[in-house]
Amino acid sequence: MTGTRDFEGMSALVTGGASGIGAAVAALLLERGARVAVLDRETAGAPEGTLALKADVTDDGAVRDAVDRAAAELGGLHTLVSNAGIGSIGTVEDNADDEWTRVLDINVLGMVRTARHALPHLRRAAADRPGAVSITQTCSIAATAGLPQRALYSASKGAVLSLTLAMAADHVREGVRVNCVNPGTADTPWIGRLLGQADDPAAERAALNARQPLGRLVSADEVAAAIVYLASPAAASVTGTALAVDGGMQGLRLRPAAD
Ligand SMILES: NC(=O)c1ccc[n+]([C@@H]2O[C@H](COP(=O)([O-])OP(=O)(O)OC[C@H]3O[C@@H](n4cnc5c(N)ncnc54)[C@H](O)[C@@H]3O)[C@@H](O)[C@H]2O)c1
């Protein structure tokens with residue numbers, strides 16, 4: 001689809017759009033002809049050409065103001081990509097209640113707040129562009145596979161998966177499609193930070209590569225391509241779907257590689 005301008009005349013808002021997967025989505029949407037706003041708590045990395053809006057997804061008023069400003073300045077809102085999220089390491093014994101509250105507040109309620117304030121704009125856009133109006137949420141392989149040391153993070157992404165399905169049902173008759181993408185381990189600044197905490201970063205990277213049947217991490221651009229497909233007019237019949245971009249991690253069961 002490179003070179004197509006299928007988002008011409010459409011406006012998009014990408015949360016967490018100043019880094020990693022979100023920045024790749026914002027850049028691709030721009031390339032495909034959309035007007036793009038980025039909502040992030042740190043906007044320095046927002047791609048050039050986007051409207052950068054500084055807001056924290058835990059602050060309902062700030063999210064409302066940013067969403068309304070994006071719609072006002074870009075001329076409505078057709079595409080919401082809800083992608084802001086944070087990681088958390090540990091078993092169910094390791095994180096205190098306030099850490100559970102913090103991570104769920106960002107990863108789950110952040111998406112609730114963004115959708116709540118975007119929906120009035122999306123409904124208006126749907127009247128003009130049947131099939132082209134959507135919410136796409138960044139979920140994770142952690143929602144569908146049991147990964148060690150990710151109890152809280154996995155619970156948050158499991159909630160995102162179920163939320164995606166419920167929202168898809170609630171808004172299908174309003175012309176708003178809702179889907180999510182489930183990345184495997186993706187090579188973003190996030191993983192850089194994770195490797196930085198490991199005793200042996202090179203060994204940790206090799207272990208993460210080996211966990212994915214394709215033998216390497218997923219790239220931010222590969223995840224962005226899937227998100228932009230789900231948001232595009234070409235996906236007019238796609239709602240309530242979780243699209244894995246995980247190097248085969250969820251679906252494949254390989255025998256150990258022969259030397
Ligand atoms: N990198 C991976 O391996 C991976 C795998 C599966 C899912 N994901 C998901 O992809 C999404 C993006 O992750 P990434 O790897 O690009 O990480 P990243 O850290 O590079 O980017 C995340 C962005 O979200 C923003 N953000 C975080 N908390 C925020 C808040 N409270 N309010 C506003 N903005 C906030 C950050 O400032 C940052 O710009 C996340 O939802 C993450 O759970 C990542």
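Start by selecting E222 and R216: these two side chains form a salt bridge, with their closest N and O atoms 2.9 Å apart. Keep in mind as you look around that this is a predicted model. Why do we call E222 partly exposed? Because its relative accessibility is 32%, and partly exposed covers what lies between buried (under 20%) and exposed (over 50%). R216 counts as partly exposed too, at 38% relative accessibility.

What brings such partners together? Side chains of opposite charge can pair when their charged atoms come close.

**Next stop: D187 and R205**

Now select D187 and R205. Here you'll find another salt bridge, at 3.4 Å from N to O. Colour the elements they sit in and you'll see that the pair ties together distant parts of the chain: D187 belongs to strand β7 (residues 186–187), while R205 is in helix α6 (residues 201–211), 18 residues apart. How exposed is D187? It is partly exposed, with a relative accessible area of 40%. R205, at 31% relative accessibility, also counts as partly exposed.

**Then: K54 and E42**

Move on to K54 and E42. Their closest N and O atoms are 3.9 Å apart, and the two form a salt bridge. This one links distant parts of the chain as well: K54 is in strand β3 (residues 51–54), and E42 is in the loop between β2 (35–40) and β3, with 12 residues separating the partners. Buried or exposed, what would you say for K54 and E42? Both are exposed.

How many salt bridges does the structure hold?

**Last stop: the largest pocket**

The largest pocket has a volume of about 1,200 Å³. To find its centre, select G85, I86, G87, W190 and R193, which are the closest to it of the 47 lining residues.

Next, show the elements that give two or more residues to this lining: α1 (20–31), β2, α4 (151–171), α5 (189–197) and α6. Which of them gives the largest share? That's α5, with 6 residues.

Methods:
Residues numbered from 1 in each chain as written. Predicted model: local features only at pLDDT ≥ 70, side-chain atom pairs only at ≥ 80, totals over all residues. Heavy atoms only, no water. Salt bridge = Lys/Arg side-chain N within 4 Å of Asp/Glu carboxyl O. Helix = DSSP H or I, 4+ residues; strand = E, 2+ residues; numbered from the N terminus. Buried < 20%, exposed > 50% of the residue type's maximum accessible area, 1.4 Å probe, protein only. 1 Å grid on protein atoms, 1.4 Å probe; cavity = no way out; pocket = protein on both sides within 12 Å on 5 of 7 lines; lining within 4 Å. Points joined across faces, edges and corners; volume = space filled by probe spheres on them.
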